[in-house]
Amino acid sequence: MSVTVADLLQLPSLRGARLAAGEGALKKLVSSISVLEFANPNLLQDSLFRNNEFFGSEIVITGFANIPLDVEAQCTNIQRLAAAGEVGLILYYVGIFVPTVDRRLVELADRLDFALIVMPENRMDLRYSDVICDVMEAIFKDQNNSALMVSDILGRAALLPEHQRTVDTVLKLLSDRIRASVVLTDGALRLLNAVSWPRMDVAQQLDQMLHGLDTLPENGGPPLEVTLDGCKHYVYRATLSSGAPLMELFIVKEGTPLALDVMHHAAEVVHLASCIWSQNHDRVVMSELVRAILRDEPIKMRRLAELLHVNIGAIHSMWVLQRGSGDPQTFQAGGLDLIQRLLRHRSGDVVADCYEGDVVVFLAWNGSAEEMHDLAEACCDRVQQAGLDGYLTICQSLVTTSDVRRAYLTIHTAQEAARQIWPGRRWFTGQEMEFTCACRELIDQGEAEIARRLSVLAPLREGTETDLVGTLSTYYLDAASSISDTAAHLFMHKNTVKYRLQQAERRLGHPVDKLPEAIALYKACALNRLLSS
């Protein structure tokens, strides 16, 4: 595929548009176009992108009709679109819905190399359909050249963030390109990956269909014709002989057959992708199981777990050890070794490996919360004794691979801010990371929301030289509501701490530990630390 953002700007329907920001995106490839208009902008963030699904290289049309004056929400949407691999946004009806293109939007798009294309302003007669037809016609004409399919798909995948460069992503790109369902199995026809087209179909049905065939299509040859639900389907097969054991690629095309050269190029795409980004995709190794879990590839995960005799259903805990400073390779090798030795006899199944610079461990934990606390402290002690600088996060009650993926991304998003809220801490919980992300989202909402959240601390600041806010912050955030520990942190007598907390309670009109009031105070103390650091 060779259609770029720069090419789109030459189309008749876009010649009057201007590139307001994101010049670095001009050479990015465009695979499709979609419309973004949500009654509730938060649905974009919560339902569409938090599952980390790759949509890939789309350009989006919107008028921000539901959030015309909320620049923060507009920026948040652009951040999420860019993170999901989208290349740009075409903004309609500026001067009608959105009064003007805010400079914050421009600065963000430039920083992300995200194309922000503005249609002629103060024009209500412009239609989304004109641009959609123009763009899709250019893309369809370009896709007719199957000889470019291999380089196009691998080139697009190579530009993605590391966590999206997977065989599963390549299969999705391939499926969209040829508009057919794609199934990858091992040599025994056990399912590794499956992508259905259109996406409304259930991938598991493809596996059932393959095992229901009386005979398989010839490798690299003409398709096998089958009828499903009254519709004719063409089933193609290619054996990927990158070594033993083999992998089998099946393509299921509904309605009309594919040209055989398209099938050959498709097989080359998958073969190269498995060599480049998943060299052990057809081998059962622990690192591949970790990657399958973190990349939310449940089919591959279950297959690998079955052959490793790991009861994946019993694993609901994830430990992530992140490097603070020092040599990355030394940290990964030393951290993985010590954490494996620590947990080997403390839990049932333990799955551990390095991923994106972190040491990641999945385990079946049946002990108490106190035992988990002691184990986490022991782990941090060993890390320190080994001369490694690292921070540990423990996530519990993870039911699905989507939960795992979401928790892992949350840790990466929140780690730095978490250390600002709880300075000196060596390990954190998944809930604390989620809390940190919630605090950051409140800050992103702007000054008015920050002032509202901090207003609960106002009575503690008025008419006193005593740092009641600091004392309360230490009590909540550093000492787990322990007066003795608060006194130790502040280097003062515990009676002084008691006196200060009594002062705070008189000013607040309620005990500092009374729920739900304490929740707002705890969050305000955390926000105050983030803003002060």
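Which residue forms a salt bridge with Glu-225, and how far apart are the closest N and O atoms? Lys-232 does, and those atoms are 3.6 Å apart. These legends describe a predicted model, in which local features need pLDDT of at least 70 and side-chain atom pairs count only at pLDDT 80 or more, while totals for chains, interfaces and linings use all residues. Residues are numbered from 1 along each chain as its sequence is written, and side-chain values use heavy atoms, with hydrogens and water left out.

**View 1. Lys-232 and Glu-225 meet in a salt bridge.** The term stands for a side-chain nitrogen of Lys or Arg within 4 Å of a carboxyl oxygen of Asp or Glu. Lys-232 counts as partly exposed because its relative accessibility is 42%. Glu-225, at 49%, also counts as partly exposed. Here, buried means under 20% relative accessible area, exposed means over 50%, and partly exposed lies in between (1.4 Å probe, protein chains only).

**View 2. Five strands make an open sheet with antiparallel pairing.** Follow the order S7-S6-S10-S9-S8 across the sheet. At the edges are strand S7 (191-195) and strand S8 (224-228), each pairing on one side only. Neighbouring strands are turned by 20° against each other on average, direction ignored. Helices and strands are DSSP runs numbered from the N terminus (helices: H or I, at least four residues; strands: E, at least two), and two strands pair if DSSP finds at least two bridges between them. As a reminder, strands of a sheet pair through backbone hydrogen bonds, either parallel or antiparallel.

**View 3. Strands S9 and S10 run antiparallel.** Eight bridges join S9 (residues 231-240) to S10 (residues 247-254). To find your place, look for Val-235, whose bridge partner in S10 is Val-252.

**View 4. Helices H7 and H9 lie across strands of the sheet.** Helix H7 (residues 167-178) lies across S6 (181-186), S7 and S10, and runs at about 40° to S7. Helix H9 (residues 260-277) lies across S6, S9 and S10, at about 45° to S9. Axes are lines fitted to C-alpha atoms, for helices over the stretch in contact, and angles run from 0 to 180 degrees between N-to-C directions. Contact means heavy atoms within 4.5 Å.

View 5. Leaving aside neighbours within four places in sequence, Gln-415 is in contact with Gln-322, Tyr-391, Thr-393, Phe-428 and Met-433.

**View 6. Arg-127 and Asp-130 join their side chains in a salt bridge.** The N to O distance is 2.8 Å. Asp-130 is partly exposed, at 33% relative accessibility. Elsewhere, a network of salt bridges links Glu-72, Asp-102 and Arg-104. The structure holds 18 salt bridges.

**View 7. Ile-96, Phe-97 and Met-124 form a nonpolar surface patch.** Together they have about 260 Å² of accessible area. Ile-96 is in the loop between strand S4 (88-91) and helix H4 (103-112).

How values were computed:
Patch = residues over 30% accessible without salt bridge, like charges linked within 9 Å, V, L, I, M, F, W, Y side chains within 5 Å. Areas by Shrake-Rupley, 256 points an atom, 1.4 Å probe, with all protein chains shown as cover.
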